[in-house]
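This report is an introduction for a reader new to the structure shown below. Please keep the sequence and the model in view while reading.

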Amino acid sequence: MNLDCSNIRDDKQSFDISALGNPISVMTSEDHSPSPTMTNTTFTIDICKPLKKAKGIPKEEDCPNGSRVCGIQRLINTFENSTAFLAAIPIAGQYTLHGGTELDPEITRLKTSSSASDRQKEGFRLELHGPTYPAKEGKKHKAVIEFLCKDKAEEKRRLTRRKAEGDDGEEDHSAQGEVADDGHGGTLKYLDFTNVGEERVLSLEWRTKYACEDVPKEADDKPGKSGHWGFFTWFIIM
């Protein structure tokens, strides 16, 4: 089963996120102090179509064909001012060379979810599946992206809920990784990449007007406005 970005549908509600169909990247870093090294992982996603091959990158350092979500890991040595490729991690996609893995998208409308906390939100959750990595002894990989409505009224309700829970309402980006502008007034945020049972799960949060249930159609609602093709995001550390 493939994914139609123009008709993301669950519980009689449809969302059109086709304008977001372009590569966008977020990065997270793991410091290995007292060693002068860190591991940078750049996660790149194209929600609507397979990622294109990056120019000038050796094949073994690029994402596998069919990837929708992929992670590139590099080791940064600040003392030696050097970088070394570690891994290209296939997280979600349609993979013919990885056991014929299907994307198999799963969509959940948050307003009518079985979870009480989900029902306080507007938007949807999208699960995209991938292969076992490493192939022989690894875990099944998948991406879970929570698309949340971003408009003035919803942002006000969100801040009110956070303050009621004892939060000051301010975003803390430093603890969890990079936040990327999607080129359409929204943001993609890295949350976590961790083992959940027998799976390895990448969790992302995408705040966008296209996750609102009554979003008006606009003239600039076309893919291609995001400039975040990011396999080289790690250069900002250098």
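Which residue is the bridge partner of phenylalanine 43 in β5? The partner of phenylalanine 43 is glycine 71.

## Basis of the report

The model is predicted, so local features need pLDDT of at least 70, side-chain atom pairs count only at pLDDT 80 or more, and totals for chains, interfaces and linings use all residues. Residues are numbered from 1 along each chain as its sequence is written, and side-chain values use heavy atoms, with hydrogens and water left out.

## The four-stranded sheet

Strands here are DSSP runs of E with at least two residues, numbered from the N terminus, and two of them pair if DSSP finds at least two bridges between them. An open, antiparallel sheet of four strands runs in the order β3-β4-β5-β6. Because β3 (24-31) and β6 (82-93) are the edge strands and have a single partner each, one side of each lacks a neighbour in the sheet. On average, neighbouring strands are turned by 20° against each other, direction ignored; the axes are lines fitted to C-alpha atoms.

Within this sheet, β4 (residues 37-45) and β5 (residues 67-77) are joined by nine bridges in the antiparallel sense. The loop between β5 and β6 holds glutamate 80, which is exposed (over 50% relative accessible area, 1.4 Å probe, protein chains only), with a relative accessibility of 56%. Its C-alpha lies 9.3 Å from that of threonine 37, although 43 residues separate glutamate 80 and threonine 37 in sequence.

Strands β8 (residues 123-133) and β9 (residues 139-149) pair in the antiparallel sense over nine bridges, and phenylalanine 124 stands opposite phenylalanine 147 in β9.

## Nonpolar cores

A nonpolar core is a set of buried Ala, Val, Leu, Ile, Met, Phe, Trp, Tyr and Cys residues joined through side-chain atoms within 4.5 Å, where buried means under 20% relative accessible area. The largest core has 33 residues, of which Ile17, Ile47, Leu128, Ile145 and Phe147 touch the most other members. Strand β6 gives the largest share of this core, four residues.

Neighbours within four places in sequence aside, isoleucine 145 is in contact (heavy atoms within 4.5 Å) with residues including Ile45, Phe124, Leu204 and Trp206.

Terms used:
Axes fitted to C-alpha atoms, helices over the stretch in contact; angles between N-to-C directions.
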